[in-house]
Structure formats: C-alpha cells, structure tokens
Amino acid sequence: MMKKSIILTVVFGCLALLSSCNGGKTDNAETQRDTLNAGIADSTIYGKCGEGTMMNTLELVTDDGKALTFTIDEERGSDIQGGLMSGDRMAVTYYKTAEENIAHKVINLTTLLGRWTSLDKNFTINEDGSIESSIQAESKPYTAWTTCNGKLILNTDTFEVLALGADSLSLENSKGIFVYKRQ
C-alpha cells in the first residue's frame with residue numbers, strides 16, 4: 001500500500017511538471033527555479049532597478065512592467081545586498097505600512113552572477129539559474145540556484161545572504177557561515 005502511494009505521488013508530480021510546460025518548451029531558469037523551491041510560495045518580487053532609485057528609495061520596474069517604489073530604512077529592517085544600480089536585476093521582499101512599502105530584503109541578482117571561490121568551492125553562478133563547478137573532485141557541487149522569500153537557494157541548501165559586494169559574498173545557514181571571494 002505504501003509503495004503504491006509513493007508511485008502515485010511520483011506520477012502525479014511528473015504530470016504536474018509536464019502540464020506546466022508551454023507546448024513542450026521550457027525556460028531553463030524557470031524550470032530550475034520551480035524545482036528548487038517546489039511547494040514553497042515565493043513572496044519575492046523580481047524586476048530591474050529603475051532610474052528613480054535614490055539613497056533611501058528603490059524604484060523597481062517589475063517583470064510585468066509595473067513601477068513600484070520601496071522605502072529603504074535600516075532602522076525598520078531594510079537589508080540591501082549587492083547595491084542599487086539602475087538596470088540591475090533585483091529580488092525584493094517587502095512589507096506594507098499605512099503610508100508606504102518598506103523594502104525588507106533586496107538582493108541584487110546582477111551582482112550575484114559570476115565566479116565565486118572559497119577554500120573548497122569554485123563555481124560560477126549563471127543568469128539562467130545554473131551553476132558550473134570548476135572543481136572536478138568536489139563531493140556535492142552546486143548545479144542550480146534561485147531565490148525564494150529573500151533567501152538564496154543553492155541546490156537544496158537555503159542561505160541567508162549576509163553580505164554581497166563587488167568582490168565578496170557571505171552566506172549563512174544552519175551549518176555555518178560561508179565566505180566567498182570573486183575570482
């Protein structure tokens with residue numbers, strides 16, 4: 001009985017994946033993103049940093065073309081990682097007050113892209129949601145990435161982005177803090 005229910009679950013899961021494809025064509029980044037955070041509702045808004053962005057205000061032109069404005073206020077919990085450069089791709093979580101939208105977590109996805117190294121890892125984060133490992137002997141190389149609810153997901157590992165700059169990346173999860181430098 002248990003074996004039948006597992007098989008049925010797998011079959012329905014495969015059918016759900018197949019039915020979500022557009023005529024058999026899938027976007028690689030979207031497929032990987034869906035696989036990485038399957039079953040988790042993502043409250044993140046994605047878009048490009050707009051020209052109206054200033055020191056305490058983020059203008060985000062969303063993927064569906066809407067222009068949204070978020071207040072950036074560290075005292076109210078705003079955490080900006082990777083900078084705010086006009087035209088860069090952003091992932092934004094926020095909360096609403098009576099007067100405004102307050103940015104909670106902002107990750108500059110354009111800054112995140114590229115080659116990162118540490119003592120035991122050497123990988124490239126690609127725009128399409130894939131990761132290429134440069135160390136052949138690595139036991140568990142990262143192969144895919146996405147963001148969900150203000151967190152970075154590498155394969156099945158979920159990380160808080162502590163710091164993201166032009167040449168450094170610091171991630172934290174239950175296993176510890178992981179620091180990378182740009183190569």
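Trainee: Why is the contact between Lys105 and Glu160 called a salt bridge?

Mentor: A salt bridge needs a side-chain nitrogen of Lys or Arg within 4 Å of a carboxyl oxygen of Asp or Glu. For Lys105 and Glu160, the closest N and O atoms are 2.9 Å apart, so the pair meets the rule. The pair also links distant parts of the chain, with Lys105 in strand 6 (residues 101–108) and Glu160 in strand 12, 55 residues apart. Strands here are DSSP runs of E with at least two residues, while helices are runs of H or I with at least four, and both are numbered from the N terminus. Side chains of opposite charge can pair when their charged atoms come close.

Trainee: Before we go on, what kind of model is this?

Mentor: It is a predicted model, in which local features need pLDDT of at least 70 and side-chain atom pairs count only at pLDDT 80 or more, while totals for chains, interfaces and linings use all residues. Residues are numbered from 1 along each chain as its sequence is written, and side-chain values use heavy atoms, leaving out hydrogens and water.

Trainee: Are Lys105 and Glu160 buried or partly exposed?

Mentor: Buried means under 20% relative accessible area, exposed means over 50%, and partly exposed lies in between (1.4 Å probe, protein chains only). Lys105 has 3%, so it is buried. Glu160 has 24%, so it is partly exposed.

Trainee: Which residues does the salt-bridge network join?

Mentor: Glu160 also forms a salt bridge with Lys151, where the closest N and O atoms are 2.6 Å apart. Lys151 has a relative accessible area of 32%, so it is partly exposed. Salt bridges that share partners join Asp79, Lys105, Lys151 and Glu160 into one network.

Trainee: How many salt bridges does a search of the whole structure find?

Mentor: The search finds six. One of them pairs Asp73 with Arg76, whose closest N and O atoms are 3.0 Å apart. Asp73, at 22% relative accessibility, counts as partly exposed, and Arg76, at 34%, does too.

Trainee: Let's turn to the rings. What makes Phe123 and Tyr180 an edge-to-face pair?

Mentor: Rings of Phe, Tyr and Trp (its six-membered ring) pair if their centres lie within 6.5 Å; planes under 30 degrees apart are stacked, over 60 edge-to-face, and the rest tilted. The structure holds four aromatic pairs. In the pair of Phe123 and Tyr180, the centres are 5.3 Å apart and the planes stand at 75 degrees, so it is edge-to-face. Phe123 lies in strand 8 (residues 122–125) and Tyr180 in strand 14 (residues 176–182), 57 residues apart, so this pair links distant parts of the chain.

Trainee: How do you know that Phe123 and Tyr180 are buried?

Mentor: Phe123 has a relative accessible area of 2%, so it falls in the buried class. Tyr180 has 3% and counts as buried.

Trainee: Which residues do the ring pairs link into a cluster?

Mentor: Phe123, Tyr142 and Tyr180.

Trainee: What makes Lys121 a charge over the face of Tyr142?

Mentor: A charge sits over a ring if NZ of Lys or CZ of Arg is within 6 Å of the ring centre and within 35 degrees of the ring normal. Lys121 lies over the face of Tyr142, at 4.2 Å from the ring centre.

Trainee: Which residues make the nonpolar surface patch?

Mentor: Leu162, Ile177 and Val179 make this patch of about 260 Å². Patch residues have over 30% relative accessible area and no salt bridge; nonpolar side chains (Val, Leu, Ile, Met, Phe, Trp, Tyr) are joined within 5 Å, and like charges within 9 Å. Leu162 is in strand 12 (residues 157–164). With 34% relative accessibility, Leu162 counts as partly exposed.

Trainee: How many disulfides are there?

Mentor: A disulfide is a pair of cysteine sulfur atoms within 2.5 Å, and by this rule the count comes to zero. Cys49, at 3% relative accessibility, is buried, and Cys148 is buried at 6%.

Trainee: Where is Asn149, and what is its phi?

Mentor: Asn149 is in the loop between strand 10 (145–148) and strand 11 (151–154). Its phi is positive, about 55 degrees, although Asn149 is not a glycine. Asn149 has a relative accessible area of 31%, so it is partly exposed.

Trainee: And is Asn155 buried or exposed?

Mentor: Asn155 has 19% relative accessibility, so it counts as buried. Asn155 lies in the loop between strand 11 and strand 12, and it has a positive phi of about 55 degrees although it is not a glycine.

Key: Accessible areas come from the Shrake-Rupley method with a 1.4 Å probe; for residues, only the protein chains shown count as cover.
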